[in-house]
Amino acid sequence: MHVYLDNAATTKVLPEVIEAMIPYYTEYYGNPSSFHSFARDAHKGLDDARRTVAKCLNAANPSEIYFTGGGSEGDNMILRGVVQAYRKKGNHVITSKIEHHAILHTLQELEDKGLITVTYLDVDENGLVDPEAVKAAIRPETILVTIMTANNEVGTIEPVKEIGAVCREAGVLFHTDAVQAVGHIPVDVQDMNIDLLTLTAHKFHGPKGVGAVYIKKGVRVPAMITGGGQENKKRAGTENVPGIVGLAKALEIQTANLEANMRKMTALRDKLIAGVEERIKTVHLNGHRTQRLPNNVNFGIRYIESESILLMLDLQGVAASSGSACTSGSLDPSHVLLAMGISHEEANGSLRMTLSEFTTEEEIDYVLEILPPIVQRLRDMSPIYPKGGEE
Ligand SMILES: *Cc1c(COP(=O)(O)O)cnc(C)c1O
């Protein structure tokens, strides 16, 4: 068996998406900025894609969608842009301790340069940000609140609509990194009081290296990449037309199938969670049990190291993760798990398994068959495992 359970890191591209992209490499390959029929065809691809993305997010106007080179770029563009454009209004930004590094490292750099001060909000043991804590942290000089829609490691879905309402009331801009949410759960920028949003195609079965940001009309985000006048002067560079067309196609398909996919994955997710809890002792489900992405399972497995489990799972054909792809390879425990109050020891034994709509029940059964003996073997070798059974 070959089982892919690392869909929070990236997903496979849908065949329909590849099919939609190909003509933009082979036929409509003109530069959209040129003046001829090849350019017009390419430009139409861009316009259609922008309209599709706007519709899927319920943006008021397609002109509020700007294409980027992915999620990290989108987060950078918005944070750096807002800090620059609103520096006369203030220099305070509010975020949470469990954001993606594209947010945290960018804010850290802006802070180190002396451009902003940042409030890093705590989360509860389930990884939830409290809208009241956001409200309490807002100061007269606050220009931006950035809280992710759903966490990439533990799958907790944040009360974004409530946080957005708090920001609206206080007249503070609200950005959400919706990279793990778009195409996975309903995201409606108007209903959820969102001013700025980041998404990336490769997390919902689109191509890698292409993303989009939603910038509500009237919000100022100057260009980070300067040069040509593409993307309404907000992002220079010849557009990745095939990638953008693929992004829109993937989002269109995932939006049309959203309810069915959510139902299917939630059932498999809950089967996997229940199966692990039944078969393995001393495990802890990381993240909120119900307010959780339909595709996310993350367990703390005490007395062993993530790397050893991942290695042995991989030997048996199962691709999983310890959490964020960016932190694996380093020995630092996850900042997300630590912020949730989980001990270093338990954070070192985290196992994230993220499903897609292509995940089958047979695959889940297979994982439930091979995982318990792997854990037992590693625990038997672990110097910290209480011998003769569980405590
Ligand atoms: C994957 C991810 C990103 C980064 O997106 P890229 O397209 O890989 O740059 C940002 N935020 C979150 C929450 C993610 O999961």
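1. An oxygen atom of the ligand lies 2.8 Å from an N or O atom in the side chain of K203, a polar contact (a pair of N or O atoms within 3.5 Å). Taken alone, the ligand exposes 380 Å², and the protein buries 86% of that (Shrake-Rupley areas, 1.4 Å probe).

2. The model is predicted: local features need pLDDT of at least 70, side-chain atom pairs count only at pLDDT 80 or more, and totals for chains, interfaces and linings use all residues. Residues are numbered from 1 along each chain as its sequence is written, and side-chain values use heavy atoms, with hydrogens and water left out.

3. The side chain of D177 places an N or O atom 2.7 Å from a nitrogen atom of the ligand.

4. The ligand is surrounded by 13 residues, and S72, D177, Q180, T200 and K203 are the closest (a heavy atom within 4 Å). Helix α4, residues 71-85, gives the most to this shell, with three residues (helices are DSSP runs, H or I, of at least four residues; strands, E, at least two).

5. Seven strands form an open sheet with mixed pairing, in the order β2-β8-β7-β6-β5-β3-β4 (strands pair if DSSP finds at least two bridges between them). β2 (65-68) and β4 (117-121) are at the edges with a single partner strand each, so one side of each has no neighbour in the sheet.

6. Strands β3 (residues 92-96) and β4 run parallel and are joined by five bridges. I94 has T119 in β4 as its bridge partner.

How values were computed. A polar contact is a pair of N or O atoms within 3.5 Å; within protein, one must be able to donate a hydrogen and the other to accept it, and residues adjacent in sequence count only if both atoms are side-chain atoms.
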